[in-house]
Amino acid sequence: MLLSGAAGQSTWWTFGGVRANAAITNELGQLLGTTVEHDSLSLMFANSRPAELQIAITELRARALETLRPGVDEKAIDGLKFSECLPVALAQQMLEARLQDQDALRESLIARLRIVVTVD
């Protein structure tokens with residue numbers, strides 16, 4: 001369910017888990033050109049209209065699951081035991097692969113999207 005308020009604040013309740021939501025957050029943030037926050041239950045959008053979100057989610061659903069990757073913080077790369085020996089791109093790919101949960105991601109993206117707009 002996508003709950004959208006009159007002030008432009010929206011929350012998409014995926015119940016997908018932190019790994020699936022991290023991938024969705026990363027990809028939707030790029031599609032929408034905005035910051036998207038997440039936790040294990042939902043994604044939170046500031047200043048986004050329901051129609052824009054629906055279009056972006058539809059586009060995301062059309063992509064192959066293996067191409068949807070969570071964002072990786074540079075601090076995570078620095079925390080790797082042999083980070084100084086790895087090229088940054090390789091370390092990033094490895095961490096993205098470790099953080100993927102394709103089953104949860106699939107379930108989150110195929111679930112019916114119900115949009116509820118509230119009036120504040």
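One term before we start: a salt bridge here is a side-chain nitrogen of Lys or Arg within 4 Å of a carboxyl oxygen of Asp or Glu. Keep in mind that this is a predicted model, where local features need pLDDT of at least 70, side-chain atom pairs count only at pLDDT 80 or more, and totals for chains, interfaces and linings use all residues. Residues are numbered from 1 along each chain as its sequence is written, and side-chain values use heavy atoms, with hydrogens and water left out.

**Stop 1: the charged trio**

Select E27, E59 and R63, which are linked in a network of salt bridges. The R63 and E27 side chains meet at 2.8 Å, N to O. That pair links distant parts of the chain, 36 residues apart: R63 sits in the loop between α2 and α3 (74–78), and E27 in helix α1. (Helices are DSSP runs of H or I with at least four residues, strands are runs of E with at least two, and both are numbered from the N terminus.) R63 also bridges to E59, with the closest N and O atoms 3.6 Å apart.

Now colour by accessibility. Buried means under 20% relative accessible area, exposed over 50%, and partly exposed in between, using a 1.4 Å probe and protein chains only. E27 counts as buried at 7%, while R63 is partly exposed at 29% and E59 is partly exposed at 39%.

For another pair, pick R49 and E52: their closest N and O atoms are 3.4 Å apart. R49 is exposed at 56%, and E52 is partly exposed at 31%. How many salt bridges does a search of the whole structure find? Four.

**Stop 2: along α1**

Select residues 18–32, helix α1. Its 15 residues should span 21 Å at 1.5 Å a residue, and the end C-alpha atoms are 20 Å apart, which agrees; the expected span is 1.5 Å times one less than the number of residues.

The buried residues of α1, among them A20, I24 and G29, pack against β2, β3 (36–38), β4, α2 (50–61) and α5 (102–110). Zoom in on N21, which is buried with a relative accessible area of 0%. Leaving aside neighbours within four places in sequence, N21 has contacts (heavy atoms within 4.5 Å) that include T14, H38, D39 and L43.

**Stop 3: the strands**

Show β1 (residues 2–4) and β2 (residues 10–13), which pair in the antiparallel sense over three bridges; pairing requires that DSSP finds at least two bridges between the strands. L2 has W12 as its bridge partner in β2. Five residues lie between the strands of this hairpin, where G8 takes a positive phi near 90°.

**Stop 4: the cores**

A nonpolar core is a set of buried Ala, Val, Leu, Ile, Met, Phe, Trp, Tyr and Cys residues joined through side-chain atoms within 4.5 Å. Which residues have the most contacts inside the largest one? Select W12, I24, L28, L43, F45, L105 and L109, out of 19 residues in that core. α1, β4, α2 and α5 each supply at least two of its residues.

To finish, pick V72, I77, L80 and A91, which belong to a second, separate core of five residues.
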